[in-house]
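Thank you for making time for this. I would like to walk through one structure with you, starting from a single side chain and then moving on to charges and backbone geometry.

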Amino acid sequence: MKVLNKLILNYKHNPIIILFGMPETEEEFKKMFELRFNIYKEKNYIEPEKLKENLDLDDYDKQNKCTYFIAKIDEKIIGSARLIKDYPLPTQLYFEFEEPQKMKELPNDLKVEISRLVVAPYKINNLTYLPRHIVMLMLFKTISKYAKEQNYKAGYAFIKSKLFYKLKNLKIPFYLIENYKQRYPEDGILYKYFNDPNDPVIPIYYFLEDIERYFNKLFSFKLLFTKKEDEIIMKNLAIYNLLLKFLRLFK
């Protein structure tokens with residue numbers, strides 16, 4: 001694993017270290033695809049028989065159009081996401097919409113797409129669950145760091161509506177695309193994911209400069225965090241609820 005960020009959680013005087021970065025070994029890639037498969041199967045997002053060897057791989061994976069990011073604790077992968085570089089991007093294929101003006105102004109080679117974001121439940125010392133929001137936020141931070149280094153400027157994604165409103169509560173600067181029409185193919189791997197009437201999928205867009213500004217503000221909150229270059233220390237896991245309240249104050 002190529003480590004890009006590290007999060008240290010102080011839990012009852014026993015630090016929990018979570019590494020965030022890019023998979024490098026064949027075993028890491030396999031475990032990452034297995035994690036995606038298992039979570040999507042559990043949520044009934046996929047038809048398992050359409051995938052081989054219990055691995056979630058689609059055409060973007062097979063055509064090497066992705067850069068991958070993972071989160072690990074004690075050599076166990078507990079989260080992952082990918083960044084797609086292509087044109088048109090998946091959101092532009094699976095939804096029909098008028099591209100937002102600010103996105104139109106950017107060249108296509110400066111736009112990317114975040115997808116397949118998954119975070120597994122993880123118990124600390126078999127006592128309490130690690131807050132999955134923390135892992136999700138750090139994956140976003142790691143992706144935005146990489147994207148900035150590659151000079152990407154903005155991107156698209158599609159996410160479940162329930163997740164969108166969670167992100168909205170956290171004040172993460174993602175923007176809803178209005179007046180869209182879904183056109184995901186019936187034979188696609190994620191057809192079930194796209195067609196759950198209780199939790200529809202919606203397209204969003206974002207600007208990486210906004211996301212970077214968000215994380216700079218978040219991790220400057222000294223009551224909860226200490227930042228040292230690529231290492232972030234969360235001072236007390238017990239005050240995680242304060243983090244959520246703090247995030248809701250963002251504007």
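Let me begin in helix α5, which is where serine 144 is placed, and let me say at once that what you see is a predicted model. Serine 144 is buried, since its relative accessible area is 10%, and a polar atom of its side chain lies 2.8 Å from the backbone oxygen of lysine 141. Helix α5 covers residues 132-149, and arginine 132 belongs to it as well. Arginine 132, at 43% relative accessibility, counts as partly exposed, and together with Lys43, Lys162 and Lys166 it forms a positive surface patch.

I will go through three of them with some care.

In one, arginine 116 pairs with aspartate 56, and the closest N and O atoms are 2.7 Å apart. This pair links distant parts of the chain, for arginine 116 sits in strand β6, residues 111-119, while aspartate 56 sits in the loop between α1 (26-42) and α2 (59-62), 60 residues apart. Are the two partners, arginine 116 and aspartate 56, buried or exposed? Arginine 116 is buried, with a relative accessible area of 6%, and aspartate 56 is buried too, with a value of 0%. Both residues also belong to a network of salt bridges that links Arg36, Asp56, Asp58, Asp61, Arg82 and Arg116.

In another, arginine 183 forms a salt bridge with glutamate 96, with the closest N and O atoms 3.9 Å apart. Because arginine 183 lies in the loop between β11 (181-182) and α7 (191-194) and glutamate 96 lies in strand β5 (residues 95-96), the pair ties together parts that are 87 residues apart in sequence. Here arginine 183 counts as partly exposed at 43% relative accessibility, and glutamate 96 is likewise partly exposed, at 46%.

The remaining example joins glutamate 98 to lysine 104, whose closest N and O atoms are 2.4 Å apart. Glutamate 98, at 56% relative accessibility, counts as exposed, whereas lysine 104 is partly exposed, with a relative accessible area of 41%.

Now to the backbone, where I would ask you to look at several places in the loops. Which peptide bond is cis? The bond from tyrosine 87 to proline 88 is, with omega near -5°, and proline 88 is found in the loop between β4 (76-84) and α3 (90-94).

Positive phi values in residues other than glycine also deserve a look. Glutamate 53 has phi near 55°, a positive value in a residue that is not a glycine; it is placed in the loop between α1 and α2, and at 68% relative accessibility it counts as exposed. Aspartate 74, also not a glycine, has a positive phi of about 50°. Aspartate 74 lies in the loop between β3 (66-73) and β4, and at 67% relative accessibility it counts as exposed.

Let me finish with isoleucine 232, which is found in strand β14, residues 231-234, and which is buried, with a relative accessible area of 0%.

How values were computed: Residues numbered from 1 in each chain as written. Predicted model: local features only at pLDDT ≥ 70, side-chain atom pairs only at ≥ 80, totals over all residues. Heavy atoms only, no water. Salt bridge = Lys/Arg side-chain N within 4 Å of Asp/Glu carboxyl O. Helix = DSSP H or I, 4+ residues; strand = E, 2+ residues; numbered from the N terminus. Buried < 20%, exposed > 50% of the residue type's maximum accessible area, 1.4 Å probe, protein only. Patch = residues over 30% accessible without salt bridge, like charges linked within 9 Å, V, L, I, M, F, W, Y side chains within 5 Å. Areas by Shrake-Rupley, 256 points an atom, 1.4 Å probe, with all protein chains shown as cover. Lys, Arg positive; Asp, Glu negative; His and termini not counted. Charge placed at Lys NZ, Arg CZ, Asp CG, Glu CD. Polar contact = N/O pair within 3.5 Å; in protein donor to acceptor, adjacent residues only side chain to side chain.
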